[in-house]
Structure formats: structure tokens, C-alpha cells
Amino acid sequence: MIAAAVLLAVFVAIPLRSRGYLLQLGTDTLSAVTLAYGWNLIGGFAGYFSFGQVSFYGLGAYATALLVLRAHMPWYFAALVSGLVGAAAALLLGRIMLRLRGILFALGMLGLARILEVIFNNWHYAGASVGLSLPAVLTPVAVYVGMGLLALISFCITAYFVYSGFGLDVMSLNEDEDAALSVGVPTTRVKVIAFILSGALPAVAGGLTAWNHSYIDPTSAFDPGVDLLTVVYVMFGGIGTLWGPLIGAVVLMIVGEEFLVYFPNLELALYGIVVIATVLAFPGGLVGLANRFGWLMRPIILAPKGLPAGAPPERAPAHGTQPVLEVRDLTVRFGGLTAVDRVSLSVARGETVCIIGANGAGKTTFFNAITGVVQPTSGEILYFGQPISHLPTFRRAQRGMARSFQIPRLMPSFTVWENVLLASRHGRQSHRVVEHTAWVLHTMGFAGMWRDPVSRLTPGFQRQLEFARVLALSPELVMLDEVMAGMTREEQEQVRGVIRRLPEFGIAGVACVEHVIAAVADLCDRMVVLDFGRKIAEGPSAEVLKDPVVVRAYLGEPI
Amino acid sequence: MLALQILVNGLLLGGLYVLIAQSLNLIFGVMGVVNLAHGAFIVVAGLFTYWFASSTGINPLAALPFVFIVMALVGAGLQPLLVEPLMKMGRSKAELLSLMVTFGLDYVLVELALQVWGSSFVSVPYLQSSWKFAGLDFSQALVVSGVFAALVSALLYWWLNRTDSGKSLLAASQSETGAICCGIDVKRVRMLAFALGVALAAAAGVLVIIVEALAPQTADDLTLLAFVIIALGGLGSYVGVAVAALLLGVAQSVTGYFVGGNAEYVLPYVLLILVMVALPGRFRRA
């Protein structure tokens, strides 16, 4: 830390003393650092690669120029207001653009920058293609200081992402967005917030740069080359890390400045090669290389020094006498296929209901409709007597409806602690996150490996961890999708033990889909059999398993 | 009559777009990779053709077979070097990282093209006049390139659906595991798809330069144009993409006539954003 402070002081002091060329280089470097940090928030942490963040840089530059010229605002104030303009633009665009994932988002942003360039090329109030000239008042030192403060703010925001629970929410988007929804992360809100921050920072940088250069035109304001450089800095330094953007931008700016003298026209080509080489040879960038030696590691978020004992959740007051879950005539159609056909199901308090049926009978779709992953075509879902069909998945999870997936969907690069913590943050014990997380980890037998990365767990433990994540929500209804599949006898026994203990943990009802009937027959109070989307039988397991209809449709007749 | 003329021009332009988009679609379909250097390959081939035709005086179309073969080899060389290593990382990660890699490649190619040919717009003075037929003007350059492009696309479609090698490519695009189980060498198929995609992009470049002026910096516009078409037509769908390309050609020709050149230029991007807003489900791949 001290070394970093000294280094920072040197970097601040040298350009200030020397003025001229070094001051300009210093300002440009700080601008690059800001752009890199801004991109990293949405591209690195949330995993939404944007090839159009330059849009915000350009909008900020124009906003500042117009505010200075037309509203006679002082430049520093104008630059700050531009930050708000960038944030507002990101809020509006984010709600549209962030519906898209992966390449679509990346290319949509690239297209957006193009649209803005054409708009500004034709907007006479903003100088059209000639651009705007600002009064040539030289304030290089003040701009340098302003850019320095901005870079510092970018660093602090990133530090908040790396150390806080909110940061964990953002990173969960990059890991598995659907799983994040299922544990109650309000994904849209989280990514829009990250996008707003990632739009505001380049907007201010663009504003300061416009003032510094006393000139702005559409070509330089929306130059796709700026995006390339930003991406290069982040990738080279280390994507999704606290130090990567800083290291990448500073190193490449200095190297570029020394090196490019010899290749004046090939700058972007060389940076292109740097991106390619980084992605292929060391995808974690410089920070990734440092991580191999245990340096600059990301801290485990909100992790205490040692695992505290934790305490079981206080019993919440019961919700009246309504059944936990009541599904009435639920139908799900995909085009011409009716996957679930007017199925009704109720789970009373203290009841465990098991849904069985052949592959393709519609069991998982039924679950998906109840948790809100799939929109039902018709039918009603009541949770403690309240209709919940209008609620998004994450709200259902927050209210205590927890599910596991057929194939465990953990956050692969998180630690055990973080996986459980993420769910605890959004569940019904969110007021005592650390204690509750610790209790879940103890209860589920993870005390000895709570700091381990998930990738190091055996498949059995991964399943168990998903179960732990379900408990972390402190749910009232637990929905298990084939938890026993592929487990050894011992592992099944372990899971059966946990299912038996569920009432202790305040869980009012359990619904499970299962193929390993022997492992659940004695656990469940009732069995429901689905066949081609229809309910063909229901009742106590001993009766259902003997029902000739069920035997014919699913179990098979003895030969 | 005017309406018909605009329609004809649009369809001819659309024929060219079919090739521009189909070549990107081929790579995307098989590998889930959007090749951001797509436009750069088009531009490089186009500018090479310009250089070839203007310095030798030979018919620019004569460059087509040569450009096609050379660029196929370039594609076959680049794919194992740049894209194949990413395929091990799982589909969604490979998609994003290949975007990064081809983004870098795009800049390398564009900067090199700027070094060789400079930044001014050039076009090949070839087939400048037009044919008159049934009261309509058919720009010769547009007819030749539009028809040529449509033919090459049709050939591609035939190859994909009627030949063993084409079918194995389609198979690999639908299910990699399934294709492996049928004894298809998926690695080789991916290389073939990339090489063919690059070569077809280059062929499109030769045809584009006959119709309109190109400069290295237009590369990204071409990439986006191609992407917009495949997004509108349905990712990975060959018939949908062909229809979308023709429609976009007509739409551009209509806006270009009634609104102006700027509107014609931004139309694809506006359409892309509109479709994103109105039909977000269109972009979801299972």
C-alpha cells in the first residue's frame, strides 16, 4: 500500500513539475485509466463486452462543449454535468441493450456508436461535421488534476465492486445469469447500475478531454479506435480485476509513447496484435500472471478471518393457514407442443410432494413455470394464498421459493463461501448475511473447505453446495430437481438426511422431481405422476406405485 | 415506374448483401463466432481488386478466382492460429473471446490496408453504363455484381444441403457432439467453414468495389451490415438471411431515394435497435 502511494505521488508530481509534453501524457494516461475502469465495470465484472462505450465518451464531450458554449457554464461544472448526461443515457439505453446477451450486446453497442456519429454529423446545433471549437483557454494543470480525481473515483468504484456484496451480485452475472436469478439477484437492476457507472465515467473523461483539446468533432468523439484502446488496456492489464485496468493503461501508454515513435502509422495494428496475443496466450492479463504467484489476488468477498460459528435463523412467524403452494390448471405450450397440460398440485404445510414421470413428461417445465423461468400459457400459481404469476423469478426466490437445478449451476469461479453468501444476501435472512452463511456452511458440512474455489469440489459436493445455496435463501418452499441423480448410495443417504431435517430449518413445504424412486418413496407424503404433460395419478406413494396406470406409463410391467 | 425502379435497384443491392451476410453467417453458424474482421476481409479484397484492375487494365472480375483461393488459404491459416484455441473454452466463453480476437484482427487488417492503399475512397471504373429494359434502368455494375453474388450464395446453399462435405458442415453447426459421433472431424469442418467464410467475404469484396467506392475505414460498417442482416434473418438460418438481405437492400434503396444518403447509411443500425426493442426474443438462441 505504501509503495503504491509513493508510486502514485511520483506519477502525480512528475507531470506537474515538468508541464508541457509530460503533463499532456499524464492527462492522456489518466483518461485512459478512467476509460479502462469504466469499461471493466460492465465488460469485466458483469461480463457484458461492449464495443461501443465510446458512445458515452462522445456524448460527454459534446455535452461539455455545448454547455460551455451555449450555457456558458464553467468547464469543470460542465464536465460534471456531462457525467450525469452519460449516466442518464446509460440508464435509458441500458434497459434496451442489456436485454441482449453476449455478442448481440457487443455488436448492438458498436451499432449505437455509429448511429450517434451520424446524428452528430448532421446536427447543426452541435456544429454538424465541422464540430465545435471551444475557447482556447489553457488550463492544463487543472485538467490534469481533474482527470486525476476522476481516475481515483473510478478506482474507488472498482474497489467497491471487488470488496462488497453488490460487487458479488455484478460478478454473478458473468458466472451464470439464470442461476443468479434463481437465488434472488435482481439481475436487470444490477446490470443497469453497473452500466450507468460504466457510462458516467467515460462521459466525464470525454468532457475533460474536449475542454483540454478545445475542440470536438463527430469523428474523434465516436472514434471506434478509442474502444479498441480501452479494450486493449483492460485485457492486457487483467479483465475483471481491481488493478488490471490501471496497470494495463499505464504500461501501454508509456510503452506506446516510447515505442510508437518508430511506427507512427501502425499504432492500432500493434494494439490489435496485443489483444490477440493477450486473449490467446495469457487471458488473465498481467494481473492473471501475478495471480499465479499469489499476488494481487481478488479477496474473498465479506469473508471473515475464520469461519464464525453462525446461528440458526430465528423462526419467522407463520403466514396464516394457507397451503404453501397451490397450482391450478397450469398449462405451458411451446408453439404446438403442450408440455404441461392443466396440471394442478398443492403442497400443504409440512408436506413433501414428489413428482415422478418418464423423461419428457414435463416435470422440469412444470418446475420452471412455478419458479417463473418459463411463462405459463394459462393457470394460476398461489404461494401462501397469494397469486405470484406476475412476479419475476428473483422476487419469487426472495420470498422464499428456492430451487435446485438438474445439473448443478454454481458460480464456477466463486469460492464456496461466496456461492452461499450470494444467496444469503437476497434471501429472507439478508439482515444477518454473514452469520446465516456461516450457519449454512456448518450445517451442510462445508466448514473445512469454505474458502475453496468451487472448481475444486467433487461432483457430489457440488450438488451438496447447491443444496446449501437453497438453504441460504432461508426458504419456505424448496423445489428439488433430481437431486439424487448420479449419486452414490452414501451421497443419497446424506441428502436424505438433509431432506428429513428440512422442517427444522423452517421450511414449510418440499416439492421434488425424482427418478430415483427408491430414494424418495419413504420420504414423501404424496406422489404425483406426470405423463405427456398430464397428471395421471396422485396419492400416497405406496398406492401410486401400484396403480396399474402408473405402472404401464412409467414403471413398466414385469416381463 | 419510379417505384419499380427503386425496387429493382434495391433487389440488386440486396443480392450483393446476400453474399456479404451469408459468408459471415457460415462462420457464425458452425462456430458461434462472429468474425469482426469480416468487413476488413471484404475491404482488403476489394482494394486489391482495384489495384489489380487499375494497374493491369484487366477485367476486375478476373481477380475473383485468384482472390477467392488466396483468401481461403489465409482463412485456413488464421483459423487454427487464432480461433481454434478458443473452442476448448465452452460455447459462451468462446463466443465472447473470439469477438475480442477478431476485433484485434480487424484493426491489424484495416491498418495494414491503410498503409498500402491510403484512406481515400476508390472504386473500379467498370460497367459504368446501364441497360434499358421495359422502361427501367439496370445499372450494369449492379446487375453483374448482384447476380454474381446471388449465384455464389445459391451455390453455397446447394453445397450445404446437397453434398456430403456441406452436410457435415451443417451437422457440425447444429450439434458438435452429434457430428463427432457421426464420425465428422469437427476441427477440420471448423477450419473449412472459416476458410470458406473468409473466401466468400473476399469474393463479396471484389463485387462490392465494382458497385461502390470503398476505403479501409468502411470495414466496420460492412461487418455491422452483415451482422444486422443475419440478426434480422435469424442467427444461423440461411434462407432467413437471404430474405433479410433482399429486404434490407430494398429498404435502403427506398430510404435513400426518399429521405437521403445519411438515412440510408444508418438504416441498418436503426433497424437493429428497433428489432432489439420490439422483438427481444428474436435474438435468443436456445
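Between them, domain 1 of chain A and domain 2 of chain A bury about 1,600 Å², with 66% of that area on carbon and sulfur atoms, where buried area is the accessible area (1.4 Å probe) that two parts lose on being put together, summed over both. On the side of domain 1 of chain A, the residues that lose the most area to domain 2 of chain A are A:Leu168, A:Glu175 and A:Val183, which together account for 38% of what that side buries.

This is a predicted model, in which local features need pLDDT of at least 70 and side-chain atom pairs count only at pLDDT 80 or more, while totals for chains, interfaces and linings use all residues. Residues are numbered from 1 along each chain as its sequence is written, and side-chain values use heavy atoms, hydrogens and water being left out.

Domain 1 spans 23-233 of chain A and domain 2 spans 325-555, bounds that come from an automatic or database domain assignment. Their C-alpha centres lie 42 Å apart, and 18 residues of domain 1 of chain A are in contact with 20 residues of domain 2 of chain A (heavy atoms within 4.5 Å).

Across this interface the rule finds three salt bridges, each a side-chain nitrogen of Lys or Arg within 4 Å of a carboxyl oxygen of Asp or Glu. A:Arg409 forms a salt bridge with A:Asp178, with 3.5 Å between the closest N and O atoms. On the side of domain 1 of chain A that touches domain 2 of chain A, the elements giving two or more residues are α7 (165-175) and α8 (177-182) of chain A, helices being DSSP runs (H or I, at least four residues) numbered from the N terminus. The largest share of that side, seven residues, comes from α7(A).

Definitions and conventions: Chains are lettered from A and ligands numbered from 1 in the order in which they are written.
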